[in-house]
Amino acid sequence: MSEAVAHDPDFLAEEVRRYHHFITLALWLAAITGAEIVLIFLPVPMPVILTALSLMSAIKFFAVILWFMHLIYDHKLLFWIFMCGMVLAFATYAAVLALFSVDRIDTKWFS
Amino acid sequence: MSHDSHHAPVADKMELAPERSDLGLFRPDRTRGLFDWLTTVDHKKLGIMYGAFAMLFFLVGGVEALAIRTQLARPDNDFVTARMYNQLFTMHGTTMIFLGVMPLSAAFFNFLVPLQIGARDVAFPRLNAFSLWTFVAGAMVLNGSWLFEFAHLAGWFDNFAWHKALVYTDFAPANGWFSYAPLSGTFGQANAALQAPRFTGVGTDFWIIGIQILGIASLAASFNFICTIVNMRAKGMTMMRLPVFTWMTLVTSILIILAFPAITVALIELMFDRQFGANFFNPSAGGQPVLWQHLFWIFGHPEVYILVLPAMGIVSEILPTFTGKALFGYPIIVFSGAVIGFLGFAVWSHHMFTTGLGPIPTAAFSLLTMAIAVPTGVKIFNWLGTIWGGRIRFTPPMVLALGFIWMFMCGGFSGVMHSAAPADAQQQDSYFVIAHFHYVLLGGVLLGLMAGLYFWFPKIFGRMPNAGIAYLATGMVILGFNLAFGPMHYLGLAGQPRRTHTYHAGNGWETWNYVATIGAFILGLGVFLAFVNLVYTAFKGVKCASDPWNGRTLEWSLPSPVPEYNFARSPIIATRDVFFEHKHGVHRLAYENDGGEAGVHMPSQSWFPLLAGFGFLIIGFGMPMMAMGVPHAGWVVIAGLGVMFMGIWLWALEGPGGYMLKTPSDPHGAAAQAKAESSAY
Amino acid sequence: MSQAADATHAHAPTSTGIDHKKLIMWLFLASDCMFFGTLISTHLLYRKLYPTGFTDAEGHQQFIQKLFNIELTSFSTFILLMSSFLMALAVSAMHKGQLKSFRRNVLGVIFFGLIFLGCQVYEFTHFYHQGLTIQNSVLGSTFYVLTGTHGTHVAIGILWLVLLYFYSFTGKLTGHMAGLDVEIAGLYWHFVDIVWIVIFTVVYLVEYLGPSGFWGTGLPLAK
């Protein structure tokens with residue numbers, strides 16, 4: 001069964017295509033990471049930097065899950081399962097962060 | 001191929017030739033008796049073991065409750081000390097939730113889900129066994145703390161030096177089932193040994209590691225069930241043809257996998273505070289104790305829906321059966337269950353209305369909490385719609401299911417009263433809250449689970465519990481529970497606070513506390529009677545037909561007790577409630593051409609899930625020993641980790657194995673037989 | 001139907017067409033999102049409350065920016081990204097049945113993973129000597145536990161890959177199941193990488209924004 005699959009020409013051709021995708025992707029990920037590191041030292045307004053950083057991280061994040069982790073080739077259910085976890089975590093903890101506020105007492109006594 | 005097992009199909013597993021796994025060790029497929037139960041991966045046997053442990057721990061939690069009620073029966077009582085009282089209510093809550101309700105629900109998930117979806121087992125049978133044994137380890141760790149406490153009270157530890165160094169030396173957890181920081185945490189500076197001063201003793205450490213282990217067990221089981229329900233449905237069993245109980249299992253499992261990580265991290269942070277001098281909740285260093293509350297309730301609120309949704313699923317199976325009508329509004333009941341689960345993540349701070357969140361968060365959480373009442377109400381109306389116009393048979397399961405609807409509604413009303421934050425400011429930490437959650441947990445969940453026990457016992461053991469005793473026990477439970485918790489609504493509004501070991505005379509609380517204690521004893525007796533009856537039935541009860549209730553779902557089409565392979569032939573599902581339709585309607589239950597002489601694939605049994613669970617037991621005792629200051633206790637933990645790792649590694653290496661089991665050769669025998677045997681109902 | 005008789009438990013057709021192991025791993029990863037979300041938000045919360053950093057042993061307030069070594073962390077981030085790339089190649093090799101290529105790539109992943117861990121250990125020791133401990137501040141607690149937990153996940157991944165590497169010599173790592181098993185390990189490894197992408201951005205990079213970091217007071221750092 002494995003041998004049949006491994007030598008199936010369509011399957012092999014697909015794997016070779018994906019192999020080239022991986023190399024391209026790895027180079028882009030490295031480049032984006034480099035861009036992020038350069039960006040934080042540039043004299044650009046804070047909201048612009050934050051947006052750019054968030055965007056770049058999101059691109060890297062989705063690039064890895066869609067291509068390295070195969071989600072773009074797989075059943076859509078897996079994508080939505082992961083999205084549920086991620087969105088819930090993001091939403092819940094954004095709420096938690098908003099629920100805590102800086103207090104003059106806190107910063108007076110603690111660093 | 002090493003994964004496959006190409007043996008000739010056998011009629012009984014005892015006929016198998018001894019087989020070695022990929023590790024070279026014999027697979028325990030040919031065991032019987034105790035070894036069979038210890039190595040089983042059969043979801044039905046695992047379900048029975050979950051149920052047995054759950055019933056045992058219900059009784060343990062019940063004794064703790066009766067001790068509490070005895071103490072509170074009279075003002076200024078000294079039946080127990082204040083410390084023991086704190087330990088009692090902590091262990092009562094923790095035991096009932098984690099060792100009573102959750103495993104009993106797990107018992108039903110395990111036994112029923114594969115049967116209801118037309119499968120032969122769950123997706124990962126050994127992982128299922130691992131969940132059970134890890135749960136047992138956690139249960140032993142948690143209750144092991146009591147053993148240490150009793151030994152301490154008896155003076156056994158008085159001569160040990162490390163014992164004297166322990167803060168307040170309380171061995172059983174005493175901080176409430178939610179163990180709030182900073183009481184459970186640390187204060188001040190950590191010393192050279194990385195220990196910061198702690199308010200509480202080793203009991204808290206037992207609680208931390210016990211809950212952590214139980215969490216791992218629940219998580220493993222839930223991953224398994226989601227995979228099973230999504231991936232192993234019989235042909236034609238679309239998601240919208242699933243029984244509602246299976247749907248609720250799916251939603252509950254999704255809640256578990258998304259909610260438990262929050263408590264896992266919270267417990268890690270608390271453990272680091274206590275063991276390694278971290279400052280997550282240490283006020284002296286700037287830690288925010290209210291963070292513990294947030295993290296706990298981000299887990300804790302979905303947890304209560306985890307507790308109630310299975311019981312709702314059970315009721316949704318029982319009502320149609322005993323009214324002879326299909327469930328009213330199936331799609332909307334399923335959708336409501338999902339919405340309740342989803343919204344359950346959005347309301348956690350309603351447990352924190354009195355912590356000073358601010359007006360906007362308070363209003364937001366208040367509104368969202370009120371919103372959850374809507375899908376719950378929708379379910380209740382749909383249940384009423386199911387009953388309306390049906391020919392009701394008041395069997396014990398039906399009486400309990402009707403009791404669920406009514407009592408859960410009462411609990412819901414007091415819950416909605418809590419959702420109004422200004423009112424909650426008065427109710428918080430009073431007996432009104434205790435009344436609310438006991439109405440939903442006892443009146444709701446317990447009645448629902450008991451209904452499930454009476455409903456499915458005939459299927460599990462092929463024997464029918466005595467109806468007379470069942471009605472008596474049901475009556476005692478419902479009467480006792482209302483007598484115990486009804487007055488608590490008044491007591492709470494009259495000002496009696498929670499978690500206080502006694503009260504003075506003259507507040508007007510004496511009479512109703514006394515009444516509540518009487519009610520609690522009646523309730524306890526009723527539950528005990530029901531359990532004793534059920535256990536007796538399992539061994540010596542009257543044998544009954546395989547479909548005594550004229551059931552609607554697939555499990556009733558099988559013989560009782562259910563054979564190892566579940567279905568002689570895999571069913572093909574043409575519609576919802578296809579078995580009922582097969583008996584009384586147009587559609588027929590068809591079968592695939594598998595099984596028979598060619599056999600069906602059965603998973604092999606294994607020792608390694610048990611071994612991995614045993615590793616957790618060692619860790620569970622090692623960690624509190626570290627907290628006690630027992631020398632070299634850290635090595636015990638490391639040894640436990642090693643045992644756990646070995647269990648998992650060997651489990652991976654032994655390969656799935658499996659053997660082929662022959663099934664009876666008459667393809668329609670099961671359904672035809674069941675139809676013939678349907679009782680006179 | 002010999003195919004039905006031959007089918008092992010894991011080979012039986014699934015209702016969705018997704019393999020059981022793959023489905024359960026994605027469920028685990030969804031759950032792990034909540035797990036890391038809790039840890040990351042605990043850290044961010046305390047950064048929000050106490051923007052200046054920590055107090056060292058001599059009682060001086062230290063800004064976190066002065067502690068961090070962005071070059072080292074950038075290097076270790078690149079290493080982890082490249083290890084993810086090698087992992088994808090290893091999975092691809094296994095799917096094609098190329099055992100030798102698989103072994104080379106897995107060894108690469110393990111090697112890079114160990115470098116990452118080495119950088120983490122170096123970073124922890126460096127911070128410790130600069131006065132940041134778990135015990136002496138909230139920042140120390142949140143930072144070490146967050147990155148330590150991530151590091152533990154990396155270590156577990158490395159262990160898994162080492163075991164897979166040695167297992168590949170037994171001759172049993174063949175066929176469809178082998179591709180699947182390696183893919184599952186790959187999913188875990190990639191997840192650990194994307195968690196680091198998030199941690200790198202919100203724990204390290206944002207501390208460099210503006211004169212005193214994203215959470216800072218807006219005033220320049222003291223010398």
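Buried area is the accessible area (1.4 Å probe) that two parts lose on being put together, summed over both. The model is predicted, with local features needing pLDDT of at least 70 and side-chain atom pairs counting only at pLDDT 80 or more, while totals for chains, interfaces and linings use all residues. Residues are numbered from 1 along each chain as its sequence is written.

**Exercise 1.** Describe the interface between chain A and chain C by its buried area.

Solution. Step 1: the area buried between chain A and chain C is about 4,900 Å². Step 2: carbon and sulfur atoms give 80% of that area. Step 3: the contact (heavy atoms within 4.5 Å) takes 53 residues from chain A and 54 residues from chain C.

**Exercise 2.** Find the salt bridge between chain A and chain C, then state which elements and residue classes make up the side of chain A.

Solution. Step 1: one salt bridge is counted between the two chains (a side-chain nitrogen of Lys or Arg within 4 Å of a carboxyl oxygen of Asp or Glu). Step 2: Lys22(C) and Asp74(A) form it through their side chains, at 2.9 Å, N to O. Step 4: H2(A) supplies the largest share, 14 residues. Step 5: by class, this side of chain A has 38 nonpolar, ten polar and five charged residues; Ala, Val, Leu, Ile, Met, Phe, Trp, Tyr, Cys and Pro count as nonpolar, Asp, Glu, Lys and Arg as charged, and the others, Gly among them, as polar.

Note on methods:
Chains lettered and ligands numbered in written order. Heavy atoms only, no water. Helix = DSSP H or I, 4+ residues; strand = E, 2+ residues; numbered from the N terminus.
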